[in-house]
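Please open the structure in the viewer and follow the stops below in order.

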Amino acid sequence: MSKSILSILIVEDEKVLQDVYQIILSSKGYEVHTANNGLEGLKRLKALRPDMVLLDIFMPVMDGKEFMRKVDLDDYPNTKIVVYSNLLDSKIEAEMLGLGAHSFVLKSSLAPQDLVALVDQTLYN
Amino acid sequence: MTAKNPSNPARNSTLNHSGATEHNFLVGGGEMGAMMRSFDWSKTAVGKIDTWSDELRTAVSIILNSSSPMFICWGKHELTNFYNDAYKVILGNKHPAALGYPANETWDEIWDISEPLIAKVFKAGESVYMKNLRVVINRHGFDEETYFTFSCSPLRNSKGSVVGLFGAVIESTDEVLSRQLLQESEDRFLNLADTAPMFIAMADESGNAVYFNKPWLKFTGKKMKEMKGLGWLSTLHPEDAPKFEKDFKHAFSEQIPIREEYRFKRADGEFRWMLAAGAPRFTPDGHFIGYFGTYTDFDDLKQAQLALQQREERFRTLIEKSADAVQLVSPEGDIIFSSNSIKNVLGYTPEELASSGVTPYLHPEDIEYFFSNFNDLIKHPEKQLTMQYRVKHKDGSWAWLETVGVNHLNTPNIHALVGNFRNITKQKEAEDKMRSSEERFRALAENIPNLAWMADATGSIYWYNNRWYEYTGTKPKQMEGWGWQSVHDPKYLSGVLKKWKYSIKSGQPFEMVFPLKGTDGTYKPFLTRVVPLKDDDGTIKQWIGSNTDISEQFKIKQTEARNEELEKITQQLAIQRKELISLNKTKDEFIGMASHQLRTPATAVKQYIGLLIDGFSDPLTPGQTQYLRTAYDSNERELRIINDLLKTAQMDSTEYTLKQKLYNIVEIVTDAIKDLHSVFEFRNQDIVFSKPQKPIKVFIDEIEIKLVIVNLLENASKYSSPGSTVEIIIEKKTKYVKIVVVDKGVGVSKDNQQRIFEKFTRVDNELSDTVTGTGLGLYWVKQLVELHNGTVELTSHLGKGSRFTVRLPL
């Protein structure tokens with residue numbers, strides 16, 4: 001795949017955060033899509049096949065854990081899933097990494113520049 | 001005087017009648033006989049010889065014919081002296097004047113003593129006997145102390161009246177005085193003997209002890225009469241008795257000096273080694289009269305001597321039976337020398353090993369390990385290191401060797417690497433076996449409903465299953481070793497301890513029912529069984545214990561009502577306990593969720609403000625940027641507080657676990673200092689760290705210990721004035737590593753030194769207004785260090801600075 005513009009899917013139920021992440025990442029030239037919960041996220045993943053997914057854990061309808069259990073990662077070899085949450089719990093972190101997440105980040109630790117750095121690193125390394 | 005001598009005409013006529021033969025009774029009688037014959041008796045009280053009565057004549061004739069000193073005092077009042085040759089010696093210069101002279105005048109100087117005796121003879125008609133009577137007489141021109149033994153008997157006439165006194169006397173002056181001298185000398189000897197710094201004893205010629213000096217008696221605590229004869233042999237060590245008897249018999253038959261060592265029992269029951277030296281005693285004429293013995297307590301010396309002997313023997317045995325072998329190896333890896341004992345270790349003779357180097361024998365997996373150590377050793381003169389690796393035994397098996405290698409390349413006369421080898425295969429196998437069996441046991445013990453634990457041979461408990469912690473609600477660090485006593489009912493504890501200690505001492509299994517306190521604070525009866533785990537030679541390696549809840553079976557005989565009441569309370573408590581547990585769980589979940597929910601809006605604030613500051617939108621004026629920066633920082637602080645609260649809540653929950661591995665603490669400290677670079681730079685402070693050359697590996701959770709160090713350093717910086725210096729020191733001790741953080745800051749008063757380790761404690765001081773914090777940093781330090789089974793200590797003086805010392809076990 002040789003896409004010139006890399007795409008990111010943000011699965012996040014908090015509208016204020018969706019918006020700000022979209023502003024920040026778009027300004028850095030990424031193609032940003034959003035989904036409000038895990039179920040929507042699965043649908044958009046299938047349709048868009050993005051390069052990266054930013055996945056929240058606590059969401060209504062379907063949460064991040066369920067999303068990870070449902071998704072068949074073999075179908076998306078070029079998609080990296082970064083889980084981020086404001087719940088810092090080593091058990092959940094281990095579980096998500098075990099389910100195939102690329103990395104786990106504490107949301108509140110990310111300033112805008114940190115978010116950019118995280119995405120750059122994930123996609124270009 | 002003469003007037004007192006009435007002549008008896010009748011007698012006179014008789015005497016006269018006898019003529020020349022009348023003086024026959026004076027014939028012979030030596031010098032005194034002659035003297036009496038020529039003596040002019042007419043001037044004496046007895047008158048001329050012709051007038052003497054028959055009784056007087058007989059008596060005089062008796063004394064003159066005796067070779068023993070004898071005398072006569074004639075006449076109750078006159079006391080006229082008669083004496084024989086032998087008596088002259090006693091008289092000294094009183095002779096010859098005494099003859100025919102009154103005794104009271106001759107013996108004027110002792111008359112006060114003599115008179116009552118003489119009176120007794122004359123008046124009472126009794127005989128008098130005196131032995132060694134002491135009198136001071138003057139017979140050689142001076143007062144002389146003399147002693148006499150004598151008997152005086154009355155001489156009677158035909159009517160039975162006492163008319164004279166007959167005395168037989170022996171002078172005993174020499175005998176008495178020489179005996180006195182002897183006594184004095186003996187007293188002097190005994191006195192000397194009693195103060196001598198050694199034990200002295202004497203035996204007579206037949207071997208009976210006749211004397212012990214005071215030190216001897218004091219040593220044995222016995223009385224002289226108990227010791228005399230053969231009594232003292234009760235203090236001889238039974239093991240030494242046969243030798244003593246033999247030596248004793250030999251000495252007494254040969255009468256030669258002896259010098260031997262025996263043990264004797266001291267008053268306190270302890271046997272002490274004594275050096276006995278005996279010398280035979282002889283009278284001046286060479287007659288054997290026994291032994292004189294001295295005994296010297298040299299027990300301390302003897303013990304040292306015995307210990308030395310034992311050590312030498314042990315050392316010799318060690319060399320002969322050594323399981324160790326020694327090799328000298330050149331830097332090129334050639335074997336220069338192997339000790340013969342190499343055969344014990346690897347089965348090869350030194351000759352078999354001499355040709356090839358080490359390499360062909362090494363286990364392929366250990367070659368790299370071996371040579372990295374070997375090369376390291378070569379590079380460092382005097383260095384010593386210990387390696388464990390596998391080597392092919394002559395029998396084809398792989399043997400584990402433990403080698404202590406020392407670099408003696410620069411050592412005169414050696415110039416080689418010296419290796420000391422020991423075959424530790426068995427030990428390794430046992431360790432593996434032990435480890436795997438212990439792991440299997442632990443896995444099993446985690447799946448049983450009983451409480452279970454393991455203790456080392458000394459009874460110190462080092463592992464409990466989770467059921468134990470669940471039931472008692474304790475943490476591992478509280479339970480370590482003998483910490484379990486805190487969940488025992490104090491009423492029964494001493495009994496439990498006594499029995500448990502007995503088991504440890506005797507190796508007997510332990511079985512007992514006693515109550516244990518659960519999380520809810522109530523006691524339940526448990527049947528506790530502990531069995532020792534022994535190795536092949538019967539040495540106890542471990543103890544394995546289980547506690548089984550038998551509250552169901554263990555019905556105390558009480559009234560029904562009481563039982564019911566108890567049951568009700570128990571049920572209530574059980575419900576409360578459930579509620580508490582679920583409440584506790586809810587609390588943990590609540591804190592987790594609350595922190596999540598609190599973070600989310602703060603995260604949004606952070607992103608949006610960050611968006612503006614970082615220039616993702618239209619440019620701002622410097623004033624606007626400044627305001628937003630302040631808002632951003634305040635939000636950051638809130639996020640940090642949320643994090644801190646969450647971490648504290650997690651730390652307080654029993655589920656908090658460490659991810660421990662062996663980490664190099666030097667590196668962790670270096671990282672922490674790097675992280676805090678800007679903090680110290682901000683306050684223009686220096687941080688001094690004398691970094692140890694070698695890594696120090698400690699079994700720790702890297703993140704948590706770094707947090708501990710960061711917190712201590714950050715505190716040191718915060719509470720020191722700008723420009724000051726903070727020092728951090730790492731020291732490796734045998735059992736722990738010590739990390740010390742020293743500042744010259746505001747310090748902590750005595751009253752606050754304990755308090756600052758408590759949750760949310762912030763102590764007021766001159767800098768506290770300018771310093772932010774939640775008061776959790778030192779609480780974490782203490783909690784985290786203690787979770788590592790370490791300790792943290794503070795010494796501080798107000799205004800002078802603080803010194804925090806963390807010790808982590810190695």
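Begin with the two chains of this predicted model: chain B and chain A bury about 1900 Å² between them, and 64% of that area lies on carbon and sulfur atoms. Select B:His596, B:Gln607 and B:Phe616 next; they supply 32% of the area that chain B buries against chain A, more than any other three residues. To display the whole contact, select 21 residues from chain B and 26 residues from chain A. Zero salt bridges are found across this interface.

Now turn to chain B and select helix α20 (residues 622-652) together with helix α24 (residues 777-787). Their axes are 11 Å apart and meet at an angle of about 30°; angles under 35 degrees count as roughly parallel, and α20(B) and α24(B) are therefore roughly parallel to each other. The crossing is left-handed. Show the side chains of B:Asp644, B:Lys647, B:Thr648, B:Met651 and B:Asp652 on α20(B), which form the contact with B:Tyr779, B:Trp780, B:Gln783 and B:Leu784 on α24(B). Four residues of this contact are nonpolar, two polar and three charged.

For the last stop, select helix α21 (residues 665-675) and helix α23 (residues 702-718) of chain B. These pack with axes 9 Å apart at an angle of about 50°, which makes α21(B) oblique to α23(B). Their crossing is right-handed. Residues of α21(B) in the contact include B:Ile665, B:Ile668 and B:Val669, while those of α23(B) include B:Ile705, B:Ile709 and B:Leu713. By class, the contact has nine nonpolar, no polar and four charged residues.

How values were computed: Residues numbered from 1 in each chain as written. Chains lettered and ligands numbered in written order. Predicted model: local features only at pLDDT ≥ 70, side-chain atom pairs only at ≥ 80, totals over all residues. Heavy atoms only, no water. Axes fitted to C-alpha atoms, helices over the stretch in contact; angles between N-to-C directions. Helix = DSSP H or I, 4+ residues; strand = E, 2+ residues; numbered from the N terminus. Parallel < 35°, antiparallel > 145°, perpendicular 65-115°, else oblique. Left-handed = near helix turned anticlockwise from the far one by under 90°. Contact = heavy atoms within 4.5 Å. Nonpolar A, V, L, I, M, F, W, Y, C, P; charged D, E, K, R; others polar. Buried area = accessible area lost by both parts, 1.4 Å probe. Salt bridge = Lys/Arg side-chain N within 4 Å of Asp/Glu carboxyl O.
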